[in-house]
Amino acid sequence: MVPEILNPKDREALLLEGRELVREYKLNHVAFIVDGNRRWAVSRGVPTIEGHRKALEVMLEKVEEGVFMGIPTMSIWLFSTENWQRPPGFLKDLFSLAREF
């Protein structure tokens with residue numbers, strides 16, 4: 001993960017280094033499991049859906065970084081079977097949020 005606190009020059013250097021590592025180790029697949037969205041939101045005193053929005057924003061950044069580094073396949077697990085047990089209004093909000101991205 002490329003820290004957002006890096007200045008653009010350092011960030012680019014880190015991404016270029018990542019590109020070389022992908023080639024060197026012949027990395028062809030990365031899987032992301034997004035977890036803790038609700039905990040993130042609660043710890044910041046914001047609605048739960050905002051934790052999911054932040055997770056999607058970060059995932060888009062990570063996918064863009066992966067593309068830049070040359071990773072050919074990326075899988076993202078954003079929805080677990082446990083999520084089906086959430087209230088219908090929350091599920092509606094979650095799927096609406098997914099459509100935004």
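Helix 1 passes helix 3 in a right-handed crossing, where a crossing counts as right-handed if the near helix is turned clockwise from the far one by less than a right angle, and as left-handed if it is turned anticlockwise. In this predicted model, local features need a pLDDT of at least 70 and side-chain atom pairs count only at pLDDT 80 or more, whereas totals for chains, interfaces and linings use all residues. Residues are numbered from 1 along each chain as its sequence is written, and side-chain values use heavy atoms, with hydrogens and water left out.

The axes of helix 1 (residues 8-24) and helix 3 lie 8 Å apart and pack at an angle of about 60°, the axes being lines fitted to C-alpha atoms over the stretch in contact and the angles running from 0 to 180 degrees between N-to-C directions. That angle makes helix 1 oblique to helix 3, since angles under 35 degrees count as roughly parallel, over 145 as roughly antiparallel, 65 to 115 as roughly perpendicular and the rest as oblique. On the side of helix 1, the contact (heavy atoms within 4.5 Å) involves Arg11, Leu15, Leu16, Gly18, Arg19 and Val22, which meet Glu65, Phe68 and Met69 in helix 3. The residues of this contact of helix 1 with helix 3 divide into 5 nonpolar, 1 polar and 3 charged; here Ala, Val, Leu, Ile, Met, Phe, Trp, Tyr, Cys and Pro count as nonpolar, Asp, Glu, Lys and Arg as charged, and the others, Gly among them, as polar.

Helix 3 (residues 48-69) is also approached by helix 2 (residues 37-44), the two axes coming within 7 Å and crossing at roughly 120°. That makes helix 2 oblique to helix 3, and the crossing of these two helices is right-handed. Asn37, Arg38, Trp40 and Ala41 in helix 2 meet Thr48, Glu50, Gly51, His52, Lys54 and Ala55 in helix 3, and the residues of this contact divide into 3 nonpolar, 4 polar and 3 charged. When its neighbours within four places in sequence are left aside, asparagine 37 is in contact with Gly51, His52 and Ala55.

Two further residues were examined individually. Glutamate 57, found in helix 3, is partly exposed, with a relative accessible area of 34%, and its C-alpha atom is separated by 8.3 Å from that of phenylalanine 101, 44 residues apart along the chain. Lysine 26 lies in the loop between helix 1 and strand 1 (29-33) and has a positive phi of about 55° although it is not a glycine; at 67% relative accessibility, lysine 26 counts as exposed.

For the protein as a whole, there are 4 helices and 2 strands, taken as DSSP runs (H or I of at least four residues for helices, E of at least two for strands) and numbered from the N terminus, and from that terminus on the elements run α-β-α-α-β-α. The radius of gyration is 16 Å, whereas a compact globule of 101 residues would have one near 13 Å, the value being taken over C-alpha atoms and the globule rule being 2.2 Å times the number of residues to the power 0.38. Along its principal axes the C-alpha trace spans about 45 × 30 × 20 Å, and 26% of the 101 residues count as buried.

Technical notes
Buried means under 20% relative accessible area, exposed over 50%, partly exposed in between (1.4 Å probe, protein chains only).
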